[in-house]
Amino acid sequence: MAFFTQPRLEVLFDKEAIAKRVAALGKEITQHYRDDVAGPDGRGLVVVGILKGSFVFLADLVRHIDLPVQIEFMGCSSYGDATESSGAVQVTQDLTKPVSGRHVIVVEDIVDTGLTMRYLLDNLQSRGPKSLKVASLLEKPEKNRANIKVDFLGFSIPDQFVVGYGLDAGGLYRNLPFVGLVLPDTAGQS
Ligand code: PRP
């Protein structure tokens, strides 16, 4: 029995497709950084998850990265309960350690307009990392107006409202194990 109203959803990426892609991304990241962050002199990779939406993707991704990894989080909200980015980014939680001289990957669930990521990259770049790259489960290339290059990308999607696997509508549905498209008659109503 359902305890709340589910939106009508169409599955875009089921859990098998996501698992396969995330495993491939972890391998790609491992190969990219292996020579820089592993070994006796390596200081490991700093993976910065952006709360809240990245938490599911990040948890799965880091288990496929075969390197020394330190996890940090930044709390960041640009949408609130709205479905369109206001462009005004609010940092609600900061890193617990400096990232100066470190290899850093910022992990997001989605790069939509790119405004949040642009703010985050500028913010983190000012802290002097050795390198700074972006991993995102999803991107919407036709909405990206901040010229964001996603270095490690799960899937590109059209401009559609999606939930699940960390992505929410009104704070709900982050726990769905798949990424689903909210069908038009229910979009924006939660
Ligand atoms: C979502 C998402 C990104 C941002 C992307 O966060 O997690 O951080 O929007 O949008 P943009 O590219 O248009 O800036 P949201 O503000 O909804 O917070 P949440 O992660 O807590 O859901």
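## Burial and the predicted model

A residue counts as buried when its relative accessible area is under 20%. Phe 152 has a relative accessibility of 4%, so this residue is buried. The structure described here is a predicted model.

## The ligand site

The shell around the ligand holds 18 residues, and those that come nearest are Glu 108, Asp 109, Thr 113, Gly 114 and Thr 116. By class, the shell residues are five nonpolar, seven polar and six charged.

For Thr 113, a polar side-chain atom is 2.5 Å from a ligand oxygen. In the side chain of Asp 109, an N or O atom lies 2.6 Å from an oxygen atom of the ligand. For Asp 168, the distance between a side-chain N or O atom and a ligand oxygen is 3.1 Å. On its own the ligand has 490 Å² of accessible area, and the protein covers 94% of this. Two elements give two or more residues each to the shell: strand S5 (103-111) and helix H3 (115-125). Strand S5 gives the most, with four residues.

One is formed by Phe 13 and Phe 155, whose rings are stacked, with 3.9 Å from centre to centre and 15° between the planes. Phe 13 belongs to strand S1 (residues 9-13) and Phe 155 to strand S7 (residues 152-156), so that the pair links parts of the chain 142 residues apart.

## The tilted aromatic pair

Tyr 33 and Phe 152 form an aromatic pair with a centre-to-centre distance of 6.3 Å and an angle of 45° between the planes, and this pair is tilted. Why does the pair tie together separate parts of the sequence? Tyr 33 sits in helix H1 (residues 15-37) and Phe 152 in strand S7, so the pair joins parts that are 119 residues apart in sequence.

Tyr 33 has a relative accessible area of 1% and is therefore buried.

Terms used
Residues are numbered from 1 along each chain as its sequence is written. This is a predicted model: local features need pLDDT of at least 70, side-chain atom pairs count only at pLDDT 80 or more; totals for chains, interfaces and linings use all residues. Side-chain values use heavy atoms; hydrogens and water are left out. A residue is near a molecule or strand if one of its heavy atoms lies within 4 Å of it. A polar contact is a pair of N or O atoms within 3.5 Å; within protein, one must be able to donate a hydrogen and the other to accept it, and residues adjacent in sequence count only if both atoms are side-chain atoms. Accessible areas come from the Shrake-Rupley method with a 1.4 Å probe; for residues, only the protein chains shown count as cover. Ala, Val, Leu, Ile, Met, Phe, Trp, Tyr, Cys and Pro count as nonpolar, Asp, Glu, Lys and Arg as charged, and the others, Gly among them, as polar. Rings of Phe, Tyr and Trp (its six-membered ring) pair if their centres lie within 6.5 Å; planes under 30 degrees apart count as stacked, over 60 as edge-to-face and the rest as tilted. Buried means under 20% relative accessible area, exposed over 50%, partly exposed in between (1.4 Å probe, protein chains only).
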